[in-house]
Amino acid sequence: MDTITLGNVEITRVVEVAPRGLPRGFVFPDVAPELWRAHENWLAPEFLDPAADEIRTMIQTWLLRSEGRTILIDTGIGNDRERPGMPPFHHLHTNYLAELAAAGVRPADVDLVICTHVHGDHVGWNTSWADGEWRPTFPNARYLLPRVDFDYWNPENGHRTRSGRRMTNVFEDSVAPVHRAGQAVLWEGDHYDVDAQLRVEPAAGHTPGSSVVRLRSGTDRAVFVGDLMHSPLQIVEPDACPCFDEDEPRARVSRRRVLGAAADEGALLFPAHFPGASAAEVRRDGGRFAVKEWAAWQ
């Protein structure tokens with residue numbers, strides 16, 4: 001189990017789906033192949049499979065222990081979901097709860113779930129099927145959700161979204177049940193303080209309510225960026241957008257702002273889907289950024 005300690009916060013990586021390939025042209029349809037070839041020397045083989053023309057990605061969540069509380073950042077895909085618009089997630093069955101148990105955490109131990117945004121691979125384990133209905137997986141937890149995303153993805157509000165069919169059933173089975181149970185906290189504004197060391201801030205674009213979680217503990221800094229980036233290519237080419245971004249111009253602005261702050265603060269960057277070392281310290285490189293150093297897990 002990969003663990004790293006920053007200041008007074010212990011961080012453990014909990015993997016739901018091991019690294020796999022996704023078609024590069026599907027995920028990044030508007031990014032020229034020449035850009036990938038220009039960075040192939042360091043992206044391959046961990047993040048890019050040139051022969052298969054696939055990017056490498058994984059599904060993982062972050063387990064934090066901070067100020068005596070057990071906190072999850074995002075909850076993956078979940079089991080037994082009806083996902084007709086997302087075939088890789090359709091009726092998926094993983095050992096996520098067993099992986100969480102291997103990290104020493106039972107569902108009842110979780111105090112807070114932070115969802116960086118409402119997408120099917122970030123809210124899935126919010127709930128589990130029990131007694132004929134979807135119920136909160138973590139019975140003692142509060143679920144922190146961006147109100148903007150809650151309203152945007154609520155089918156009752158009738159928003160037309162870029163993701164369309166890919167989001168079928170996600171709100172109904174993974175978000176609405178925790179709200180009905182009275183466990184949802186819908187935050188809004190320019191930040192939400194989790195504790196003295198963790199703060200949630202908006203970073204809109206990937207979804208309207210996409211957010212990042214900033215860690216400041218002692219002299220250590222980190223930022224958990226959710227889906228602000230799907231490939232390390234976006235560190236060196238921050239204007240590159242995947243097909244999953246609802247608002248590409250806003251996503252570019254958010255990505256550059258968060259990368260800039262991370263570079264200036266020396267913060268470790270934790271994206272949701274990078275395989276390998278997964279987390280990286282970045283530096284400025286002219287108008288772009290570069291990987292300064294990959295995380296060293298314990």
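## Cavity lining and salt bridges

Thr 116, His 117, Ala 203, His 206, Ser 210, Ser 211, Val 225, Gly 226, Asp 227 and Leu 228 line the largest cavity. The model is a predicted one, and a search of the whole structure finds one cavity of 30 Å³ or more. The volume of the largest cavity is about 40 Å³. Sorted by class, its lining consists of three nonpolar, six polar and one charged residues.

| Salt bridge | N to O distance |
|---|---|
| Arg 24 and Asp 53 | 2.7 Å |
| Asp 173 and Arg 81 | 3.4 Å |
| Glu 265 and Arg 216 | 2.9 Å |

The side chains of Arg 24 and Asp 53 meet in a salt bridge. This pair links distant parts of the chain, with Arg 24 in helix H1 (residues 24-27) and Asp 53 in the loop between strand S3 (48-49) and strand S4 (54-66), 29 residues apart. Arg 24 has a relative accessibility of 11% and therefore counts as buried, the cut-off for that class being under 20%. Asp 53, at 36% relative accessibility, counts as partly exposed.

A salt bridge also joins the side chains of Asp 173 and Arg 81. Asp 173 belongs to helix H6 (residues 170-174), while Arg 81 sits in the loop between strand S5 (69-73) and helix H4 (96-102), so the pair ties together parts of the chain that are 92 residues apart in sequence. Asp 173 counts as buried because its relative accessibility is 5%, and Arg 81 counts as buried at 1% relative accessibility. These two residues also take part in a network of salt bridges that links Arg 81, Arg 83 and Asp 173.

Glu 265 forms a salt bridge with Arg 216. Since Glu 265 lies in helix H9 (residues 248-265) and Arg 216 in strand S13 (residues 211-217), the pair ties together parts that are 49 residues apart in sequence. With a relative accessible area of 34%, Glu 265 is partly exposed, and Arg 216 is likewise partly exposed, with a relative accessible area of 34%.

Definitions and conventions
Residues are numbered from 1 along each chain as its sequence is written. This is a predicted model: local features need pLDDT of at least 70, side-chain atom pairs count only at pLDDT 80 or more; totals for chains, interfaces and linings use all residues. Side-chain values use heavy atoms; hydrogens and water are left out. A salt bridge is a side-chain nitrogen of Lys or Arg within 4 Å of a carboxyl oxygen of Asp or Glu. Helices (H or I, at least four residues) and strands (E, at least two) are DSSP runs, numbered from the N terminus. Buried means under 20% relative accessible area, exposed over 50%, partly exposed in between (1.4 Å probe, protein chains only). On a 1 Å grid over the protein atoms alone, a cavity is a set of points where a 1.4 Å probe fits but cannot get out, and a pocket is an open set with protein on both sides within 12 Å along at least five of seven lines; lining residues have an atom within 4 Å of a point. Grid points are joined across faces, edges and corners, and a volume is the space filled by probe spheres set on the points. Ala, Val, Leu, Ile, Met, Phe, Trp, Tyr, Cys and Pro count as nonpolar, Asp, Glu, Lys and Arg as charged, and the others, Gly among them, as polar.
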